[in-house]
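Have a look at the sequence and the fold first.

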Amino acid sequence: MIRSELLNSLAQDNPDLRAEEVEQVVDIFFEEIAQRLSEGGRVELRGFGAFSTREREARKGRNPRTGETVDVPAKRVPYFKPGKDMRRRLNDD
Amino acid sequence: MMRSVGTLTRADLAETINRKMGLSRAESLDMVEAILGKMCDALADGENVKISGFGSFVLRDKKERVGRNPKTGVEVPITPRRVMTFRASQLLKERIANG
C-alpha cells in the first residue's frame, strides 16, 4: 500500500470529508511524528508500534569503491519497534 | 545533549488535527485510528506500506532458527515468523540526524 492508496481508502470511508481534507489529515499525522522524532522525542502508538531515535557513535568507514577510509560522524538515527498486537497479527494465519 | 521532549500519542495527533483543521475531537481521533487501522490491515494482509517522504514498513519472513533460553541455557527452536521493520526515508533520516 502506498500513500495514494491510503488516501483513497480513507476518502471512501469518509464521504463527509473532501479529498484535500483527507490528504491534510494524513500529512499532519506523518509530519507530527517526523517532527517529534527530529526533536529527539518518542512516539508511541499502542497496538501499532513505537518510534524513537538512537545515537550512533562516530566511526571509521570505508568507501566500498575506493577502499579509502572516511570518518563517519556521530549521528541520531530513527528506530521503530512494532507493538505486541501488530507482531501477533502478522503471524496468525 | 538534546532537550528531552515527551512522548507523542494518538491523543496528541488528534489534538493537532482538531486544532489545525477544525474537525471535531472525536472525528480527529477516528481519523488517527483509521490511518493506523488501514496500515495494520495492509501489513496483516502481507503488504508492505510505503509513505513517500516518511518511510516504509517492510515485512520480512524469518526462517526457523535455534535459540537458547538465556536463564537455563536450554536450546529451543524459534519458530519461523514474519516481522515488520521500518525503513525511514532519506528525508526523515536527514531531519533526525540534523535535529
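Let's call a residue buried when its relative accessible area is under 20%, exposed when it is over 50%, and partly exposed in between (1.4 Å probe, protein chains only). Helices (H or I, at least four residues) and strands (E, at least two) are DSSP runs, numbered from the N terminus. The model is predicted, with local features needing pLDDT of at least 70 and side-chain atom pairs counting only at pLDDT 80 or more, while totals for chains, interfaces and linings use all residues. Residues are numbered from 1 along each chain as its sequence is written, chains are lettered from A and ligands numbered from 1 in the order written, and side-chain values use heavy atoms, without hydrogens and water.

Take H1(B) to begin with. Its buried residues are Arg10(B), Leu13(B), Ala14(B), Thr16(B), Ile17(B), Asn18(B) and Met21(B). Their cover includes H2(A) and E1(A) as well as E1(B) and H2(B). Just after the helix, Gly22(B) has a positive phi of about 80°.

Now the strands, which pair if DSSP finds at least two bridges between them. E5(A)-E2(A)-E1(A)-E1(B) is the order of an open sheet of 4 strands with mixed pairing. E5(A) and E1(B) stand at its edges with a single partner strand each, so one side of each has no neighbour in the sheet.

| Strand pair | Bridges | A bridge partner pair |
|---|---|---|
| E1(A) and E2(A) | 3 bridges | Leu45(A) and Gly49(A) |
| E4(B) and E5(B) | 4 bridges | Arg68(B) and Glu75(B) |

E4(B) and E5(B) make a hairpin with 6 residues between them, and Gly73(B) in the turn has a positive phi of about 80°.

On to the core. A nonpolar core is a set of buried Ala, Val, Leu, Ile, Met, Phe, Trp, Tyr and Cys residues joined through side-chain atoms within 4.5 Å. The largest one has 45 residues, and Phe29(A), Phe48(A), Met39(B) and Phe57(B) are among those with the most contacts inside it. H2(A) gives the most, with 9 residues. Domain 1 (1-38) and domain 2 (43-92) of chain A (bounds from an automatic or database assignment) both contribute, so the core lies between them.

Finally, the interface: contact (heavy atoms within 4.5 Å) takes 48 residues from chain B and 46 residues from chain A. Buried area is the accessible area (1.4 Å probe) that two parts lose on being put together, summed over both. Here that's about 4,600 Å², with carbon and sulfur atoms giving 71%. In chain B, Leu8(B), Lys38(B) and Ile96(B) lose the most area to chain A, together 15% of what that side buries.
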